[in-house]
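Please open the structure in your viewer and keep the selection tool at hand.

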Amino acid sequence: MATPKQVVKSVGPKLVPFFKTVAIYFVLFIPSDQPSFLAVVIKCLPVLSLIAFVLLHGMSLGEEYAYSRRILLGLVMSVFGDALLVWEDRFVHGLAMFLLAQLLYISAFGFRPFNVYVATVSYCLAALGCYMLVPGTSGVVSLGLPVYTTILMTMVWRAVSRVQFFQELWTWTKLCSCLGGVLFAVSDALIGFNAYYCTIPNSQALIMVTYYAAQLGISLSVVDSKASYLDSLRSSTSTSTPTPALTDSLQCCHHITAVSLSSSLHSDTNNGFQQHESHCHQCTRNPSPSLLTHRVVNGRQY
């Protein structure tokens, strides 16, 4: 496992554009009640830099990059959502874009391990949030809010479930996606409560800090996604059913052992192996190079 110093040296330079664009956003800090094209640009730049970050860690149509592709598409949907939410009358459209982003993140995180306890807590919080916020909504939002909240908390459930502290089956990248999922829910909760329940002081700053931190955490989870995929592939291969070639080899080894027991009647042990090769149809039909280096004669391996 890489040390924290190695991680910082490897990942840190690629995140410089993200931190710079976040700084630009808060330096300019255009209020949400003043929509403009400039507001769209400075709001979207940090997530665009995270898209570049994901791409720098490799991208292809291969299965080893399936996780990265889904995170990348989630970030792209988030950029569209950010742009649409600059204008208040495009709130529903922005919500739809973020709904797609959450579905893509869920697809990336997967459904194993299941973790029913985290699911219970997540959906209870979703129900509580809807109970408090839906009465203050109207029209399409009153229908869309429960749907989005359910999908959002499903994403949180899957992000948190990836971290298995008690089994010690976790990595720093999984921890980042876990924190990212939780912070995404915090950011969206601040938006909902500020809009439909009560006014929250400094809401815009709090919303954007938690939002950018959430997207950063989710983006960092791609750093070792390819290595994790290859490790899981090796693991599944090592525990899978033996291939026909391996089965034949094992059978041939069994025949060699059986013949070698009778080869003690011969003075030359190699004659016993040659006798086996002349009678074992599997060896003559499909000779394997491994058999040449795996001879068992008189209980010894040659």
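## The whole protein

With everything shown as a surface, the protein exposes about 17000 Å², and carbon and sulfur atoms supply 67% of that area. Please keep in mind that this is a predicted model. Switch to a cartoon view, and you can look for 14 helices and two strands. Of the 302 residues in the protein, 38% are buried. If you consider the contacts between residues at least 6 apart in sequence, 73% of them join residues at least 24 apart.

## Helices H2 and H3

Two packed helices are described by the angle between their axes and the distance between the axes. Select residues 16–28, which form helix H2, together with residues 37–56, which form helix H3; they pack at an angle of about 170°, with their axes 8 Å apart. How do these two helices run relative to each other, parallel or antiparallel? Because angles over 145 degrees count as roughly antiparallel, H2 and H3 are described as roughly antiparallel to each other.

Now show the side chains where they meet: on the H2 side you will find Pro17, Phe18, Thr21, Val22, Ile24, Tyr25 and Leu28, and on the H3 side Ile42, Lys43, Leu45, Pro46, Ser49 and Leu50. If you colour this contact by residue class, it divides into 10 nonpolar, two polar and one charged.

## Helix H4 and its two partners

Next, select helix H4, residues 66–85, with helix H9, residues 203–220, whose axes come within 10 Å and cross at roughly 160°. H4 and H9 are therefore roughly antiparallel to each other, and H4 passes H9 in a left-handed crossing. The contact is made by Ile71, Leu75, Ser78 and Asp82 from H4, with Tyr211, Gln215, Ile218 and Ser219 from H9. These residues divide into four nonpolar, three polar and one charged.

By class, the contact of H4 with H5 has 18 nonpolar, six polar and two charged residues.

## The loop between H5 and H6

Most residues other than glycine have a negative phi, and most peptide bonds are trans. With that in mind, zoom in on Pro113, which is placed in the loop between H5 and helix H6 (116–133). The peptide bond that joins Arg112 and Pro113 is cis, with omega about 0°.

Asn115 lies in this loop between H5 and H6 as well, and its phi is positive, about 55°, although it is not a glycine. Asn115 is partly exposed, with a relative accessible area of 29%.

For another positive phi, select Asn202, a residue other than glycine whose phi is near 55°. Asn202 is in the loop between helix H8 (172–196) and H9, and it is exposed, with a relative accessible area of 63%.

## Trp157

For the last stop, select Trp157, which lies in helix H7, residues 140–161. Is Trp157 buried or exposed? Its relative accessible area is 5%, and Trp157 is buried. Leaving aside residues up to four places away in sequence, show what Trp157 touches: Phe111, Phe114, Asn115, Val118, Ala119, Ser122 and Tyr123.

Notes: Residues are numbered from 1 along each chain as its sequence is written. This is a predicted model: local features need pLDDT of at least 70, side-chain atom pairs count only at pLDDT 80 or more; totals for chains, interfaces and linings use all residues. Side-chain values use heavy atoms; hydrogens and water are left out. Axes are lines fitted to C-alpha atoms, for helices over the stretch in contact, and angles run from 0 to 180 degrees between N-to-C directions. Helices (H or I, at least four residues) and strands (E, at least two) are DSSP runs, numbered from the N terminus. Angles under 35 degrees count as roughly parallel, over 145 as roughly antiparallel, 65 to 115 as roughly perpendicular and the rest as oblique. A crossing is left-handed if the near helix is turned anticlockwise from the far one by less than a right angle, and right-handed if clockwise. Contact means heavy atoms within 4.5 Å. Ala, Val, Leu, Ile, Met, Phe, Trp, Tyr, Cys and Pro count as nonpolar, Asp, Glu, Lys and Arg as charged, and the others, Gly among them, as polar. Buried means under 20% relative accessible area, exposed over 50%, partly exposed in between (1.4 Å probe, protein chains only). Accessible areas come from the Shrake-Rupley method with a 1.4 Å probe; for residues, only the protein chains shown count as cover.
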